[in-house]
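Here are my notes on this one, point by point. Have the viewer open while you go through them.

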Amino acid sequence: ETPGRVAIVSDIHGNLEALRIVLADLQAERCDRIVCLGDMVGGGEGNDEVVPLLRDEQAVTVLGNHDEYHDLALAEDVLEYLAGLPETITEGDAVFTHISPRAKKRKVNSTYEAWSVFEEVECRIVFVGHVHIPLVYGQRCEEAVSATVHPFEFNVPYSLDPSDRYLICVGAVGYPRDGINKIRYG
């Protein structure tokens, strides 16, 4: 069964305005489902609104570090929802998680750490959040103990080689960290 058009969002951090823009775009793009890679809360003013909005969209969601550890005064139903989120979701040959699917959670923002994920995790495609920067790593690499950084163009479809494995970070809906003040998702 084909999963249809799947949208990957991450690191909303209570940025309700940005999330509403994304959801409107996803509707225009006719996405069939949404996967959220965590950190729905923390940072913005819309924490109590962001979580129910994604829940109502039936987004498949994993727990982010800000969802788990925070000092926010959130509504009881929001707290209960966050407390029930899994750390990792595996669907077929894809895994979705916030920081890393490895036993030792380290931010995946280097070719070495991407290589470590490929060494430890069997899935063909790994989606992570947390770094707030869009990145695509491939397992196939000419250097030892490294992964390949795949360049891509924003808003241009990117084809994956069926014979390679990938680690993908789609960037952040709220608060990008790449010096470009744009909403990012895939």
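**Notes on the model**

1. Start with helix α5 (residues 111-120), where E113, A114, S116, V117 and F118 are the buried residues. Buried here means under 20% relative accessible area, exposed means over 50%, and partly exposed is in between (1.4 Å probe, protein chains only). Helices (H or I, at least four residues) and strands (E, at least two) are DSSP runs, numbered from the N terminus. The cover over those buried α5 residues includes β6 (125-128), β7 (134-138) and β9 (166-170), with contact taken as heavy atoms within 4.5 Å.

2. Some housekeeping before going on. This is a predicted model, so local features need pLDDT of at least 70 and side-chain atom pairs count only at pLDDT 80 or more, while totals for chains, interfaces and linings use all residues. Residues are numbered from 1 along each chain as its sequence is written, and side-chain values use heavy atoms, with hydrogens and water left out.

3. Now the sheet. It is open, has 6 strands in the order β4-β5-β6-β9-β7-β8, and its pairing is mixed; two strands pair if DSSP finds at least two bridges between them. At the edges sit β4 and β8 (148-149), each pairing on one side only. β7 and β8 run antiparallel and are joined by 2 bridges. For G138, the bridge partner in β8 is T148.

4. Which residues have the most contacts inside the largest nonpolar core? They are I12, M40, L54 and L82, in a core of 24 residues. A nonpolar core is a set of buried Ala, Val, Leu, Ile, Met, Phe, Trp, Tyr and Cys residues joined through side-chain atoms within 4.5 Å. β1 (6-9), α1 (16-28), β2 (33-36), α2 and α4 each supply at least two of its residues, and α1 gives the largest share, 6 residues. Leaving out residues up to four places away in sequence, L54 touches I12, L19, C36, M40 and A59. There is also a second, separate core of 15 residues, with V95, F118, V131 and A147 among them.

5. On to charges. The count is 8 salt bridges, a salt bridge being a side-chain nitrogen of Lys or Arg within 4 Å of a carboxyl oxygen of Asp or Glu. One of them joins R55 and D77, with the closest N and O atoms 3.4 Å apart. That pair links distant parts of the chain, since R55 is in helix α2 (residues 47-56) and D77 in helix α4 (residues 76-83), 22 residues apart. Both ends are partly exposed: R55 has a relative accessible area of 28% and D77 has 38%.

6. The rule for a charge over a ring is NZ of Lys or CZ of Arg within 6 Å of the ring centre and within 35 degrees of the ring normal.

7. Next, E87 and K105 form a salt bridge whose closest N and O atoms are 3.5 Å apart. E87 is in the loop between α4 and β4 (88-91) and K105 in the loop between β5 (94-97) and α5, so the pair ties together parts that are 18 residues apart in sequence. E87 is partly exposed at 44% relative accessibility, and K105 is partly exposed at 34%.

8. R184 is worth a click. Its side chain meets that of D178 in a salt bridge (3.2 Å, N to O), and its charged end sits over the ring of F154, 4.0 Å from the centre. Is R184 buried or exposed? Buried, at 5% relative accessibility, whereas D178 is partly exposed at 24%.

9. Aromatics: the whole structure has 3 aromatic pairs. Rings of Phe, Tyr and Trp (its six-membered ring) pair if their centres lie within 6.5 Å; planes under 30 degrees apart count as stacked, over 60 as edge-to-face and the rest as tilted. F96 and F127 have ring centres 5.2 Å apart and planes at 5°, so this pair is stacked. F96 belongs to strand β5 and F127 to strand β6, 31 residues apart. F96 is buried at 6% relative accessible area, and F127 is buried at 14%.

10. Last, two backbone angles to check. D39, in the loop between β2 and α2, has a positive phi near 55° without being a glycine, and D39 is buried at 1% relative accessibility. Q58, in the loop between α2 and β3 (60-61), also is not a glycine and has a positive phi of about 60°; Q58 is exposed, with a relative accessible area of 67%.
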